[in-house]
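Please look over the chain below. A short report on its fold follows.

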Amino acid sequence: MASSTSSSSCLFPSFISSSAKRVPIQIFFKLTIPKASSQVHCQCRSNSNSYSNQSHGIERRWVEAFDQSLASPERFTVASYNILADRNASQHSDLYVNTPSRYINWDRRKKILSDEFFEWNPDIICLQEVDKYYELSNILVKAGYAGSYKRRTGDTSDGCAMFWKADKFRLLDGESIQYKDIGLRDNVAQLLVFEMRGSNSRRLLVGNIHVLYNPNRGEVKLGQIRFLASKAQILSQKWGNAPVILAGDFNSTPQSGIYKFLSSSELNIKLYDRNELSGQKHCRPAHVLDREKEAVGSFISQDGLLNCWTDEEINTATGDSERHLAVHPLKLNSSYATVKGSASTRGFNGEPLATSYHSKFIGTVDYLWYSDGIVPTRVLDTVSISDLRRAGGLPCKKVGSDHLALLSEFSFSCPK
């Protein structure tokens, strides 16, 4: 653990078990909270320095929404970034055979990641695969951010972290999801409710998740997302139906059944093969780089496909072994699919062609979903497949992870 500084000190919450071999950690850095809470907070120092939004390294440009008639002047930016855990990079060197070893080094990547954060200057940062939380928090707290961290359970050492500008947002409430508690693996998620300072009580709920990777366990992915959306709906209602943003690495492609579940709020699982539900298997570089990737690969129409699902798998996916329709309560849209970009960077449904690239995968698995009450006004566009090919893989000279960060500016909606 990093040593504390004058601007930040931290205590562990009382509910952390000391008997576990690897302890799940939930940490908050914050100035104040409007009601009693078991979470621990500490001082963070503001920083008046401003940073350029100019792209760094692989060239990226802001793309403006064509129709901003519903946008109010109250705007904020949210980033989602799987930053590649240092331990994962070390243990899975086969994914980075085309990447010079110096680009994998954590100390170098930490500097590049910090440069990316400060150039884009997001108001809220949602990170996945964080196993050096204290090192990042020491940097970001000094820049005026407050932070929260939830470590995965089991033998993994990474987790999800969220940072926000303490002079722009006040933390109202929060909940962490530990999926092991409901039998859905060692993944975790975060839900935090904010109030925008000086905005007449404008409130916002932000979720951050890293969905299970395993391409064969579509039912677990569905169960994790369904549970997150349900928890987000409950917490949103508690705070006056606050608008919702769900950020993260969903480990599912835009062509997949899981994407359809997120975007349409329901999915008839009997039309899908559980092992193909995420679409990940169709994204090996050798299969993608020399052809268009537009077909929906996971949809199968045979009536007998439900026989591939056990009652337990159906229950995990839908919450009821007798029900074949998985549903969630939120009406969600993707900010990147809403704000149209270049044909060279986007696929058939408007999503980026790729948000992750290494020797065994190239495709999109990261998203910024939003509900009614807010609208995206611009997004930081991703890059073309040809640009990624020239880079040879990620991380690279000016990108600190094997993913690209997503960044969207949102506005609270004006009444129609």
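## Overall picture

This is a predicted model. The chain has 416 residues, and 58% of them count as buried. Its secondary structure comes to 9 helices and 18 strands.

Among contacts in the chain with a separation of 6 or more, 76% are between residues 24 or more positions apart. The chain exposes about 17,000 Å². Carbon and sulfur atoms supply 47% of that area.

## The open sheet

Six strands form an open sheet with mixed pairing. Their order is E7-E8-E9-E10-E16-E13. Strand E7 (169–178) and strand E13 (333–334) are the edge strands, and each pairs on one side only.

Inside this order, strand E8 covers residues 188–196 and strand E9 covers residues 203–210. The two run antiparallel and are joined by 7 bridges. Glu195 stands opposite Arg203 in E9. Strands of a sheet pair through backbone hydrogen bonds, either parallel or antiparallel.

## Strand E18 and its partners

Strand E18 spans residues 406–413 and is mostly covered, with 7 of its 8 residues buried. E18 pairs with E3 in the antiparallel sense over 7 bridges. E18 also pairs with strand E17 (residues 374–380), again in the antiparallel sense, over 5 bridges.

Pro73 lies in strand E3 (residues 71–82). Pro73 and Ser411 are 338 residues apart in sequence, but their C-alpha atoms are 7.0 Å apart in space. Is Pro73 buried or exposed? Pro73 counts as exposed because its relative accessible area is 78%, and the cut-off for exposed is over 50%.

## Nonpolar cores

The largest nonpolar core has 65 residues. Phe76, Phe117, Ile124, Leu127, Phe194, Leu204 and Ile245 have the most contacts inside it. A second, separate core of 39 residues includes Ile177, Ala189, Ile225 and Ile269.

Which residues does Ile245 touch, leaving aside its neighbours within four places in sequence? Its contacts include Phe76 and Val78. They also include the run Leu204, Leu205, Val206 and Gly207. Leu368, Trp369, Tyr370, Ile374 and Phe410 are in contact with Ile245 as well.

## The largest pocket

The largest pocket has a volume of about 850 Å³. Its lining counts 35 residues. Nearest its centre lie His92, Leu95, Glu129, Tyr213 and Asn251.

Helix H1 (86–91) and strand E14 (356–358) each supply at least two residues of this lining. H1 gives the most, with 3 residues.

## Helix H3

Helix H3 runs over residues 133–142 and is mostly covered: 7 of its 10 residues are buried. Which residues of H3 are buried? They are Tyr133, Tyr134, Leu136, Ser137, Asn138, Leu140 and Val141. An α-helix has 3.6 residues a turn, so residues three or four places apart point the same way.

The backbone just after H3 also deserves a look. There, Gly144 takes a positive phi of about 100°.

Technical notes: Residues numbered from 1 in each chain as written. Predicted model: local features only at pLDDT ≥ 70, side-chain atom pairs only at ≥ 80, totals over all residues. Heavy atoms only, no water. Helix = DSSP H or I, 4+ residues; strand = E, 2+ residues; numbered from the N terminus. Buried < 20%, exposed > 50% of the residue type's maximum accessible area, 1.4 Å probe, protein only. Pairing = 2+ DSSP bridges. Core = buried A, V, L, I, M, F, W, Y, C linked by side-chain atoms within 4.5 Å. Contact = heavy atoms within 4.5 Å. Areas by Shrake-Rupley, 256 points an atom, 1.4 Å probe, with all protein chains shown as cover. 1 Å grid on protein atoms, 1.4 Å probe; cavity = no way out; pocket = protein on both sides within 12 Å on 5 of 7 lines; lining within 4 Å. Points joined across faces, edges and corners; volume = space filled by probe spheres on them.
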